[in-house]
Amino acid sequence: MSSSSARAAALPGDPPGGRRALAVWGIGVSVYFVAVIFRTSLGVAGLDAADRFHVNASALSTFSILQLLVYAGMQIPVGLLVDRLGTKKVLGIGVVLFTAGQLGFAFSPSYGMALASRALLGCGDAMTFISVLRLGGRWFPARRGPLVAQLAGLAGMAGNLVSTLVLARLLHGIGWTAAFAGSALAGVVVLVLVLLFLKDHPEGHEPEPVAHQGAAYVRRQIAAAWREPGTRLGLWVHFTTQFPAMVFLLLWGLPFLVEAQGLSRAVAGELLTLVVLSNMVIGLVYGQIVARHHGARLPLALGTVGTTALLWAATLFYPADRAPMWLLLVLCAVLGACGPASMLGFDFARPANPPERQGTASGITNMGGFVASMTTLFAVGVLLDATGDDYRVAFSSVFVLQALGVSQILRLRRRAARRERERLVASRVETVHVPA
């Protein structure tokens, strides 16, 4: 690379990246990895939880709905906390909370205590991903942002894979309490790593101090981030793309494959694993494409939504009672694109906001997919109970939320693109005309 192209690729004040950055960022990613294991552990234990606590489909869905309700409700407060306190403190608090939640779930004697434990877990989980995004932004050059975000999502999918493969076997091998309590030890390990080795930013790249003025400051941060069309577009991209796979992996995929499609638990588990593996592969591809071609963000997001809707429709309304295995394989492979597509939402919000507002903007964006997931989890549970476990009717709720999200994306896309171009031109002018 020539010296001129290198200068163009690195913005003034960009952190250097390198091995040190990778090591510190890796600690943050390990926290997110463990959080996703705990978050998705109910996905492989849904049927066991129904038997253990003697609950129906609606009550079972309440576990995940409450967890996601807490997660979504915490996103803006967490974004503000990250902007104010830094990554290390927020991640440390998050680890303590989600580890306590996992331990509580292991020993819960009743449905009520189990619900409280999942809420605590959701609160801690909510503090991880935004912190990891902020950590990546502090340690890596801006041009690496899309790839770093996709790699963080990839680590989350690796956690989902561990939950699907390892925790499922432990659950049926050593039992409920031992499996969940044993997994909580991973939280202790990452807490030690955070406390001993994590740093918020490299030396020489300390953020400028920002005056914090209580509630007025909070309102200004949220209002300023929300006014940016890129933030709102990011929220709706995240809303529309993430939830089909989240609902499938978090709770309803295993019951759907076993009860509606007549598969064994082992085969259903392999299909859930395919979703995760597909996510990991597609995440790498999407990250490379967007890093090279920034204009590919919206086509990738809308293409993922359209393909997902088509495969869901083909599976749910297949003329026979059960869809053929090849169609289920294709569906699960396509669902793997939902996670990487949801990461594109942050690539709209990031350039729309200055560094001191990145956590807040990311929190707003990250609410989207989890609000959609929570809504769909509730709708599927209620419709299953109301229709006598008719999965075709229950899962049709996916199309309603996809239609809502696409309409909002199309409404905001031009305004966000125009505003992003204006900010890019302004930043280039400031780079060239540096005051003496």
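## Helices α12 and α16

Helices α12 and α16 run roughly antiparallel to each other, a label given to angles over 145 degrees, whereas angles under 35 degrees count as roughly parallel, 65 to 115 as roughly perpendicular and the rest as oblique. Their axes cross at roughly 175 degrees and come within 7 Å, with α12 covering residues 229–260. Such axes are lines fitted to C-alpha atoms, for helices over the stretch in contact, and the angles run from 0 to 180 degrees between N-to-C directions. Helices here (H or I, at least four residues) are DSSP runs, as strands (E, at least two) would be, and they are numbered from the N terminus.

The model is a predicted one, in which local features need pLDDT of at least 70 and side-chain atom pairs count only at pLDDT 80 or more, while totals for chains, interfaces and linings use all residues. Residues are numbered from 1 along each chain as its sequence is written, and side-chain values use heavy atoms, with hydrogens and water left out.

Contact means heavy atoms within 4.5 Å. By that criterion, the α12 side of the pair includes G230, L233, G234, V237 and H238, and these belong to a group of residues that meets a group in α16, among them A341, L344, G345, F346 and F348.

## Two further helix pairs

Helix α4 (residues 57–85) packs against helix α5 (residues 87–107) at an angle of about 160 degrees, and their axes lie 10 Å apart. Because of that angle, α4 and α5 are also roughly antiparallel to each other. Their crossing is right-handed, which is the term used if the near helix is turned clockwise from the far one by less than a right angle, left-handed being the term if it is turned anticlockwise. On the α4 side the residues taking part are F63, V78, L81, V82 and L85, and they meet K89, V90 and F105 in α5.

The pair formed by helix α13 (residues 265–292) and helix α15 (residues 325–335) has axes that come within 7 Å and cross at roughly 40 degrees. These two helices are therefore oblique to each other, and the crossing of α13 and α15 is right-handed. V267, L271, L274, V275, S278 and I282 of α13 make the contact with M325, L328, L329, C332, A333 and L335 of α15.

## Helix α17 and its two ends

R357 lies in the loop between α16 (338–349) and α17 (358–387). With a relative accessibility of 12%, R357 counts as buried, a class that means under 20% relative accessible area, with exposed meaning over 50% and partly exposed in between (1.4 Å probe, protein chains only). Leaving aside neighbours within four places in sequence, R357 is in contact with D83, Q221, A224, A225, E228 and A352.

How far apart are the end C-alpha atoms of α17? They are 44 Å apart, which agrees with the 44 Å that its 30 residues should span at 1.5 Å a residue, since the expected span is 1.5 Å times one less than the number of residues in the helix. Within α17 there is a kink of about 25 degrees, centred on G368, where the bend is the angle between axes fitted to the seven residues ending at a residue and the seven starting there.

Just after α17, G388 takes a positive phi of about 70 degrees. D389, in the loop between α17 and α18 (391–395), is a residue other than glycine and has a positive phi near 65 degrees. The relative accessible area of D389 is 43%, so D389 is partly exposed.

## Selected residues elsewhere

F129 is found in helix α7 (residues 129–139), and at 2% relative accessibility F129 counts as buried. Not counting residues up to four places away in sequence, F129 touches Y32, Y71, A152, G153, M343, F346 and N366. One of these, N366, is 237 residues away from F129 along the chain, yet their C-alpha atoms are separated by 8.7 Å.

G26, which is found in helix α2 (residues 18–40), is partly exposed with a relative accessible area of 30%. G26 and L135 are 109 residues apart in sequence and 9.8 Å apart in space, C-alpha to C-alpha.
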